[in-house]
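Grab a viewer and work through these exercises on charged and aromatic side chains. Try each task before you read its solution.

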Amino acid sequence: MNNLISIITPVIDQMEDSHIKSQLLTYFPLQKVQFETIENAFRALTSGKQDPDTLRSFFKSWSQTNNSAVTVAGLSNRMTMIVHKDQPVGSEHDLFKSVASLNRIVDEDLAVVGHVLHSKLFYTMATNISGDDSWLSNKYLNTEAINFKAWKDKNSLRNKDIMIGLLTTLVHEIYTHGEVEFIIPLFENWLKAETDFSDSEIKKSLAWISVHCGPTEKNHFFHAVDAVNSFSKAFDINIQDYDLKEIITDYLDLKSKVMATLNAQIAEESFV
């Protein structure tokens, strides 16, 4: 069975040789422990029938690590604010090329294409599997998920250096490609084994995952790469001044803590 890093690395290999490619290929493989923690959480979830409250906690907290369309839109908003405030730009053409690339990441999420908001697809998945929509309550949100979302929003929406937000988005997109490809067979087999859902009900319930598989998240990643390159041209930024080690390490560390907490809850319920 594939693991996260074996899914992510071939996509990075498709990039043209660059500083960013070198950084991604250097620092992602160093996160082996964090990747295994995340994989184990998904395997535990899909290993058998789960308590309803465990499912509600899983979907509420996991959602905070995935649903990033608003954050990407906010980052795009910040970039256009530069023009709105008549702040100096080396090349407005390249700035708007960067904005255009960034916006392509959320075309599907915001139903610009596909006609269905992806937040609605996640709602359907979580509600169908957990039995009702009480998973939306913040009482099911764990502290680690709050910390992950706060860190990601700080990098994208409040860090003075917009390039940090773009690089954080790039890391998120390639990681998410790995996650959806890794979990889709687990979830499909789980629902077939543990529910009385028909094939069409399983397909509908897992649409949020399946629509992100294949080229979707890979394309989002390459849009993020284009956004970084155009933004660096717009402001004559030397991308080699940026080290992705901290972003990749923090991202996987915080994400794995969310999933480790959820895994511990699954294990605790199994002994009740």
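This is a predicted model: local features need pLDDT of at least 70, side-chain atom pairs count only at pLDDT 80 or more; totals for chains, interfaces and linings use all residues.

Residues are numbered from 1 along each chain as its sequence is written, and side-chain values use heavy atoms, with hydrogens and water left out.

**Exercise 1. Salt bridges**

Task: find how many salt bridges there are, then work out whether lysine 21 is buried or exposed.

Solution: 
- Start with the cut-off: a salt bridge is a side-chain nitrogen of Lys or Arg within 4 Å of a carboxyl oxygen of Asp or Glu.
- Applying that rule gives eight salt bridges.
- One of them joins lysine 21 to aspartate 17, with 3.2 Å between the closest N and O atoms.
- For burial, under 20% relative accessible area is buried, over 50% is exposed, and anything in between is partly exposed (1.4 Å probe, protein chains only).
- Lysine 21 has a relative accessible area of 10%, so it's buried.
- Aspartate 17, at 72%, counts as exposed.

**Exercise 2. Bridges along helices**

Task: work out how arginine 56 and aspartate 53 are placed in helix H4, and do likewise for lysine 149 and aspartate 153 in helix H8.

Solution: 
- Helices here are DSSP runs (H or I, at least four residues), numbered from the N terminus.
- Arginine 56 and aspartate 53 form a salt bridge at 2.8 Å, N to O.
- The two sit three residues apart in H4 (residues 52-63), so about one helical turn separates them.
- Arginine 56 is buried at 14%, whereas aspartate 53 is partly exposed at 35%.
- Now widen the view: Asp53, Arg56 and Asp132 are linked in a salt-bridge network.
- Lysine 149 bridges to aspartate 153, again with closest N and O atoms 2.8 Å apart.
- That pair is four residues apart in H8 (residues 143-158), which is about one helical turn.
- Aspartate 153 is buried, at 14%.

**Exercise 3. Aromatic pairs**

Task: classify the ring pair of tyrosine 123 and tryptophan 135.

Solution: 
- Rings of Phe, Tyr and Trp (its six-membered ring) pair if their centres lie within 6.5 Å; planes under 30 degrees apart are stacked, over 60 edge-to-face, and the rest tilted.
- The whole structure holds 21 aromatic pairs.
- For tyrosine 123 and tryptophan 135, the centres are 6.3 Å apart and the planes are at 50°, so call it tilted.
- Tyrosine 123 lies in helix H7 (residues 118-130) and tryptophan 135 in the loop between H7 and H8, so the pair ties together parts 12 residues apart in sequence.
- Tyrosine 123 is partly exposed at 27%; tryptophan 135 is buried at 5%.
- Both belong to one aromatic cluster, with Phe42, Trp62 and Trp208 also among its members.
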